[in-house]
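Here is a short briefing for a reader who is new to this structure. Please look over the sequence and the model first, then work through the points by topic.

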Amino acid sequence: MSQKSASSKQKPTKIVLKNGLEVRLVPSRKSPVVSVQMWVKTGSADERRPEEGISHFIEHLLFKGTAKYGVGEIARTVEASGGELNAWTSFDQTVFYVNISREFQEVGLDVIADMMGSPLFDPKEIDAEREVVLEEIKRTNDSPSRKGSRLLFSSIYKKHPYRLPVIGRPEVIKKVSPAILKRYFKERYSPKNMTLVIAGDFETAAMATLVRARFGALKATAVRKVARAKEPKAVAKAPRVYYDRAEVKEMQLHFSWPIPSVKHEDVAALETLAMVLGQGDASRIVRRLRVESDVVNSAGAGCFTSRDPGFFTVTAHLNAKRLEEVLPLLIEEIVGLLERPISGEEIERAIVNIESSELYGLETADGLARKIGSLTTLLGDPSEMDRYLARVRKFSSEQAVKIAKKYLTPDKLSVVCMAPLESDEKQQKTQLQAAAKAFGKRWKAAKVGKVPKKKKSASRPAWTARPDGEIEIETRTLKSGLRVIARIARSTPVVSARLGFLGGSRLEPANQDGLTELLSRAWITGTSEFSETDLNSKIEGFAAGLGAFGGRHTAGVSGQVLSEYEEQLIPLFFEAAFKPAISSEAVEREKAMMLEGLRTREDRPAQIGSRLFMESLFEGHPYARDPMGTVQTIPTLSKAALDDFHHRIVRPKDGVFVLTGNADIDAWCEALNHIPMSQPKGEGFKKVALSSTLKADVFRFHELKKEQTHIMVGWRGLTLTDPNRYALQVAQAVLAGQGGRLFIELRDKKSLAYSVGPMSMDGVDSGYFGAFIGCAPEKGETAIAMMRSEIEKLATTPIPKIELDRAVRYLIGSHDLGLQKASAVSSSLLFNEIYGIPGDEIFQYAERIRAVRAEDVQALIARIIKAPSVTVAVGPSAPWKS
C-alpha cells in the first residue's frame with residue numbers, strides 16, 4: 001500500500017465559481033451514496049466580543065427556515081429522500097452536510113444551497129432556538145469531558161480565542177439580537193469564504209453542471225477580516241500548574257506544551273511522536289500506566305493542531321487517590337523519549353498506523369468528503385496530505401529526540417488538573433507542583449540513550465479500488481458445525497471478521513453479574529504464544545484491530561485489517577478467539593477497572609437512567625441485571641470462572657463466523673479447519689421466560705447534582721424475530737430524526753431540549769420501546785406528558801401517507817448509509833444469523849420496510865402501550881408530583 005498512490009486515486013477536481021465559491025468534486029464508486037458538505041471558514045475564534053457563541057447559534061438557525069423551506073421542512077425533505085443531515089461548529093470552521101443516495105443527490109445540493117443563500121432569521125424562531133442552545137449548554141456543563149476540555153483550553157490560551165468554548169456563554173445567547181446574527185452571517189458566510197465538497201458516486205462533469213446551477217446564484221459579499229489575538233511569547237522559566245475542582249468522580253490530568261499551527265513542517269513529526277507515546281495499547285504510556293501498572297482508567301497522548309498554534313498533550317484519567325502513583329510514571333515515560341529513544345519497530349508501527357488510517361477513512365463518502373474538506377480549509381490543498389505522509393515516512397529516532405528537546409521542555413509545560421469536589425485541593429496542588437518541578441530536573445539531567453539508526457520502511461503494494469458489480473453471499477458449514485458467511489467486496493481495502501456465539505449476560509451464573517463484561521475485557525490479553533504486550537505490539541504493527549465483545553445475548557471476537565495485512569491477522573485472530581491465555585493479573589486489573597466504572601457512573605446520568613429503566617421493566621429476568629456487574633459480584637469473579645464461562649460459550653454449533661470486505665475466504669476457512677474444536681458438554685443457550693406483565697405504571701427517580709434531568713419513558717417491546725418488528729421501526733422513524741414528531745414538537749416548537757428522541761431494543765426474550773429526553777428540571781413534567789402524547793397519537797390516529805413515506809425512506813436511507821463500512825455489514829450478518837434471522841435479510845430490508853402499512857403501526861403501538869409503563873428520571877429533582 002503506497003499511501004501516496006492510494007491517496008492520488010482520490011484526487012478531487014477543483015472548480016471556482018464566478019462568485020468565488022471553491023468546489024472540490026471527489027468521485028468514488030464504492031457505494032451508491034453522495035455526501036454534500038459546505039465548509040464555511042468561520043468559527044468561534046472569528047467572533048467579536050461580546051458575541052461568543054454566535055457561530056454555533058447561526059449553525060442552529062440555518063435549519064430554522066429559508067426562502068424555500070419552512071421550519072422543519074429542510075429535515076423532512078432530506079429524510080423523506082432517505083438522507084441524513086447535520087452540522088457542527090469548531091474554532092475555525094462551521095460545516096453543514098447531507099449524506100444521501102445518489103438517486104436523490106439533487107435534494108442534498110438544493111437544501112445546502114438554500115441554507116447558505118437565503119436563511120430567514122425569523123425573530124420568533126431565533127427566540128425559540130435560544131432555549132434549545134441554552135439546553136445544549138447545560139448538557140455540556142453536565143459532561144465531565146467537556147468540563148475538562150474547557151479547563152485545558154482556558155489554561156493553555158490566555159489571549160487567543162481558542163481559550164473560549166465554541167458553544168458560547170448563556171448571557172450572550174440570551175441577548176444577542178437578530179441584527180447582530182444577520183450581520184455576522186453576511187460578513188462571514190460569503191461564497192469567497194466557503195468550500196463546497198462533494199464526494200461519492202457521480203459523474204464529475206454532470207455534477208459540476210448541477211453545482212453551477214444551484215450555487216452560482218449565491219451572492220458574493222465582502223468577507224470581514226478577523227485579526228485573532230495572539231498568545232504572548234512565554235516568559236516563564238518554570239512549568240505552570242492549573243488546578244480546579246468540579247462535580248465529577250474521575251480526575252483528569254494533562255501535561256501540555258505549545259506547538260505550531262497545522263501548516264508547520266514539524267507537525268508530522270509531533271503527531272508521529274504522540275502516536276508512539278500514547279496511542280494504542282502498545283504505546284509507551286498506555287502500556288506502562290494502563291496495561292502494566294494499572295494506575296489509570298485511561299491514558300494517551302495527542303496533538304491539537306488547527307489554523308493557529310496548538311498544543312501537544314499527555315492525558316490521564318484516574319481515581320484521584322492514585323495521583324501520587326501516576327505522576328512519577330507519567331514523568332518517566334515523557335523523559336524516556338530522551339533516555340530510551342524510540343526504536344525502529346515503534347516508528348514503523350506508527351508509520352503503518354498513520355498511513356492505514358487514511359485508507360480506513362475512505363470507506364464512506366462522508367469520511368472522504370470530511371478528509372478533503374479539512375485539508376482544503378486548513379491547508380489550502382488536499383495534496384498537502386501527500387507531503388505530510390512523506391514527512392511521516394522520514395521520521396526517525398534521531399528526529400524524535402530533536403522534536404522532544406525542541407517542544408517538550410519544562411519552561412513550556414502546563415500541568416492542568418480537574419479533580420472531584422471532595423479532593424484535598426491543597427495536597428493535590430502540592431503534589432502537582434512537586435511533579436512539575438521534578439519533571440524539570442529530570443528533563444535537564446536526562447542523558448540521551450543510544451539512538452537506533454533509521455531503517456528504510458518496508459515498501460507496500462498499492463491498492464486500487466475495483467467496482468464490485470453484483471455481490472453475492474457465500475455460506476459454508478465446517479465439520480465442527482461452525483457456520484461461515486462471507487460477502488466479498490473488492491471496492492474497499494478493508495477486511496472485517498467477526499466470530500460470535502450465543503451467550504452473553506443472560507447465561508451468567510447466579511451471583512456472577514458482570515462475567516460477560518469481564519470476558520470481553522480480558523479475552524484478548526494473551527495467547528499460548530504471545531503475552532499481552534507482544535500481542536498488542538503485533539496487532540498494532542500492521543494497523544489492525546482485534547477485540548472482544550459481549551452483550552446480553554452474545555459474546556465473541558472481532559477484527560479489522562487492511563487486505564495487504566490479512567495473512568498476518570488470520571492466525572492471531574483464531575489463536576486469541578479459541579485459545580486465549582488470560583492471566584490472573586489481567587483479570588484482577590480489569591475487575592478493578594469495572595469497579596472504577598461503577599464508581600464514576602454518576603458522571604454519566606444517562607447510564608444510571610438506563611440501568612433503572614431495565615431493572616424496573618424486566619424485574620426478575622436477566623435483562624434486569626447490571627451487565628457491568630455490581631460492587632458485590634465483581635470482586636468474587638475469578639480466572640477459573642472466566643475460563644469456564646469462555647469454554648461454555650464457545651460452542652461451534654452455536655457460533656457464526658462472518659467475513660466481509662476485500663477478504664480471502666479460503667485462507668480463513670483453511671485456518672479454521674486446522675483448529676481442534678469440540679462441542680462443550682452441558683446446556684447451551686435457551687430462552688428465559690419473562691415475569692408477569694407489570695401490574696401498574698412505575699416511576700423511579702435518582703437524585704444527581706446536574707443542570708439537566710435525563711428522562712426515559714417506555715414499555716415492553718418486541719423480540720428479535722417478531723414479524724411486527726418492521727412496523728415498530730417505522731413507528732420509531734415517525735418519531736425520530738430532525739423531521740420526526742418528537743424533534744418538531746418538543747424541540748422545534750416548545751424548545752424543551754437539545755436532545756430528544758425515540759428508543760427501542762429488540763431482544764431474544766423481549767424488548768422495549770419508548771422515548772428519552774435531557775432537559776431542565778422544571779421542564780420535565782411537560783416533557784413527559786408530551787412524549788407520552790406523541791406516542792399515544794400513533795395508537796389512536798393512522799400515520800398520514802406523506803409522513804409514512806418519509807419514515808420508510810428515512811429508514812431505508814439510514815440502513816444503506818450504515819452499510820458503507822465492511823464492519824457494519826459483518827456485524828449485521830453475524831447477529832442476524834446467530835438469532836435465527838436469514839443473514840441476507842439485511843439486503844431485503846427495503847422490501848420489508850415498504851410492506852409496512854399505517855394500520856400495522858397503529859395496531860402495534862396500541863397493543864404495546866396498553867401495558868403499564870416505566871418512567872425514570874435522573875437529575876436534581878423528580879419531574880412529577882409526589
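A search of the whole structure finds 2 cavities of 30 Å³ or more. The model is predicted, so local features need pLDDT of at least 70 and side-chain atom pairs count only at pLDDT 80 or more, while totals for chains, interfaces and linings use all residues. Residues are numbered from 1 along each chain as its sequence is written, and side-chain values use heavy atoms, with hydrogens and water left out.

**Enclosed space**

- Rolling a probe the size of a water molecule over the atoms shows where empty space is left.
- On a 1 Å grid over the protein atoms alone, a cavity is a set of points where a 1.4 Å probe fits but cannot get out. Lining residues have an atom within 4 Å of a point.
- Grid points are joined across faces, edges and corners, and a volume is the space filled by probe spheres set on the points.
- The largest cavity has a volume of about 50 Å³. Its lining consists of S28, K30, S31, V33, G200, E363, T364, A365 and Q820.
- By class, that lining has 2 nonpolar, 5 polar and 2 charged residues. Here Ala, Val, Leu, Ile, Met, Phe, Trp, Tyr, Cys and Pro count as nonpolar, Asp, Glu, Lys and Arg as charged, and the others, Gly among them, as polar.
- The second largest cavity holds about 40 Å³. S505, E508, R552, P622, Y623, R625, D626 and P627 line the second largest cavity.
- The lining of the second largest cavity splits into 3 nonpolar, 1 polar and 4 charged residues.

**The second largest pocket**

- A pocket is an open set of points with protein on both sides within 12 Å along at least five of seven lines.
- The second largest pocket has about 1,100 Å³ of space. Its lining has 43 residues, and S31, P32, R487, D816 and L819 lie nearest its centre.
- Helices (H or I, at least four residues) and strands (E, at least two) are DSSP runs, numbered from the N terminus.
- Which element gives the most to the lining of the second largest pocket? α28 does, with 8 residues.
- The pocket lining counts 17 nonpolar, 12 polar and 14 charged residues.

**Strand β11 and its partners**

- Buried means under 20% relative accessible area, exposed over 50%, and partly exposed in between (1.4 Å probe, protein chains only).
- Strand β7 (residues 240-246) pairs with β11 in the parallel sense over 7 bridges. Two strands pair if DSSP finds at least two bridges between them.
- V241 stands opposite V415 in β11.
- Strand β8 (residues 251-259) runs antiparallel to β11, joined by 5 bridges. Q252 has M418 in β11 as its bridge partner.
- S155 lies in helix α6 (residues 144-156). S155 is buried, at 4% relative accessible area.
- Beyond its neighbours within four places in sequence, S155 is in contact (heavy atoms within 4.5 Å) with Y242 and V416.

**The loop between β3 and α2**

- R48 sits in the loop between β3 (33-40) and α2 (54-61). It is partly exposed, at 28% relative accessibility.
- Not counting residues up to four places away in sequence, R48 touches R183, E187 and R224.
- The side chains of R48 and E187 make a polar contact (3.3 Å). A polar contact is a pair of N or O atoms within 3.5 Å; within protein, one must be able to donate a hydrogen and the other to accept it, and residues adjacent in sequence count only if both atoms are side-chain atoms.
- R48 and A227 are 179 residues apart in sequence and 9.9 Å apart in space, C-alpha to C-alpha.
- P50 is in the loop between β3 and α2. The peptide bond from R49 to P50 is cis, with omega near 0°.

**Backbone exceptions**

- Most residues other than glycine have a negative phi, and most peptide bonds are trans.
- F121 is not a glycine, yet has a positive phi of about 50°. F121 lies in the loop between α4 (105-117) and α5 (123-141), and is buried at 7% relative accessibility.
- A543 is not a glycine either, and has a positive phi of about 55°. A543 lies in the loop between α19 (532-541) and β15 (545-550), and is buried at 6% relative accessibility.
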